[in-house]
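Let's take a friendly walk through a protein model together. Keep the sequence and the 3D view side by side as you read.

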Amino acid sequence: MDFIEQINRYIPKNEQEEKDKSVILEYINQYPHNILIRDNEFAHITSSGFIMNKNLDKALMIHHNIRNTWAWTGGHADGDDDLLHVAIKEAKEETGISRVAELKGEIASLDILPVYGHYKNGKYVSAHLHLSISYILIADETEALIVKKDENSAVDWFSIDKFTLEYFDANDVYLYNKLIDTAKEMSSKK
């Protein structure tokens, strides 16, 4: 299924997702030639995977080098219009896991996420927006984890009760708890 059709079919969970869906679709319409690549320096599509264990009581996180905080996996589409494939590829690359599957093959969340100006590979990257399409992914928590040193400094499983203001900023708490709730809802509909 085409990524634009997937976004169109996605049913927003709340006002934030309704507005973000509208903006994302409008931006895709305005910039169809470079929405999937980083050449669009204002905003571009990214795909993330919120990786959970089979019991949905833990999430696999990376300690992100640029953000200097624990974060989910994901990355730029770089021209690939199969956004689920991108999320799975990034999950494997950033954590070292080799077996990962989608909980369901459908979008779990739509979000417009700010990226602040930073240096990457010695070059300055201006502030921009990630038009984030995310999926719930499932992995075996006994599988060996590997740090991808150019992107993260640690990889670890977090109990879902850790997704609070004590450990994450308010925006991440909102996003990760929305994904945890979505995973539980998706699982109950299986």
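The protein exposes about 10,000 Å² of surface, and carbon and sulfur atoms supply 50% of it. Accessible areas here come from the Shrake-Rupley method with a 1.4 Å probe, and for residues only the protein chains shown count as cover. This is a predicted model, in which local features need pLDDT of at least 70 and side-chain atom pairs count only at pLDDT 80 or more, while totals for chains, interfaces and linings use all residues. Residues are numbered from 1 along each chain as its sequence is written, and side-chain values use heavy atoms, with hydrogens and water left out.

**Overall build**

What secondary structure does the protein have? There are four helices and 10 strands; helices (H or I, at least four residues) and strands (E, at least two) are DSSP runs, numbered from the N terminus.

The C-alpha trace spans about 45 × 45 × 30 Å along its principal axes. The radius of gyration of the protein is 16 Å, which agrees with the value near 16 Å for a compact globule of 190 residues. That radius is taken over C-alpha atoms, and the globule rule is 2.2 Å times the number of residues to the power 0.38.

Of the 190 residues, 46% count as buried. Buried means under 20% relative accessible area, exposed means over 50%, and partly exposed lies in between (1.4 Å probe, protein chains only). Among contacts between residues at least 6 apart in sequence, 70% join residues at least 24 apart; a contact means heavy atoms within 4.5 Å.

**Charges and salt bridges**

The protein has 21 positive and 32 negative side chains, and the centres of the two sets lie 3 Å apart. Lys and Arg count as positive and Asp and Glu as negative, with His and the chain ends not counted. The place of a charge is taken as NZ of Lys, CZ of Arg, CG of Asp or CD of Glu.

A salt bridge is a side-chain nitrogen of Lys or Arg within 4 Å of a carboxyl oxygen of Asp or Glu. By this rule the count comes to 13. Here are some examples:

| Acidic residue | Basic residue | Closest N to O distance |
| Aspartate 172 | Arginine 67 | 2.8 Å |
| Aspartate 111 | Lysine 178 | 2.6 Å |

Where do aspartate 172 and arginine 67 lie? Aspartate 172 is in helix 4 (residues 170-188) and arginine 67 is in the loop between strand 2 (58-64) and strand 3 (69-71), so the pair ties together parts that are 105 residues apart in sequence. Aspartate 172 counts as buried because its relative accessibility is 8%, whereas arginine 67, at 40%, counts as partly exposed.

Glutamate 143 is buried, with a relative accessible area of 11%.

Aspartate 111 forms a salt bridge with lysine 178. Aspartate 111 lies in strand 6 (residues 109-115) and lysine 178 in helix 4, so the two tie together parts 67 residues apart in sequence.

Leucine 56 is in the loop between strand 1 (43-52) and strand 2, and at 8% relative accessibility it counts as buried. Not counting residues up to four places away in sequence, leucine 56 touches Ile138, Ile160, Ala183, Lys184 and Ser187. The C-alpha atoms of leucine 56 and isoleucine 160 are separated by 8.1 Å, although the two are 104 residues apart along the chain.

Serine 48 belongs to strand 1 and is buried, with 6% relative accessibility. Leaving aside neighbours within four places in sequence, its contacts include Trp72, Ala87 and Tyr135.

Valine 147 is in the loop between strand 9 and strand 10 and, at 33% relative accessibility, counts as partly exposed. The C-alpha atoms of valine 147 and glutamate 94, 53 residues apart along the chain, are separated by 6.8 Å.
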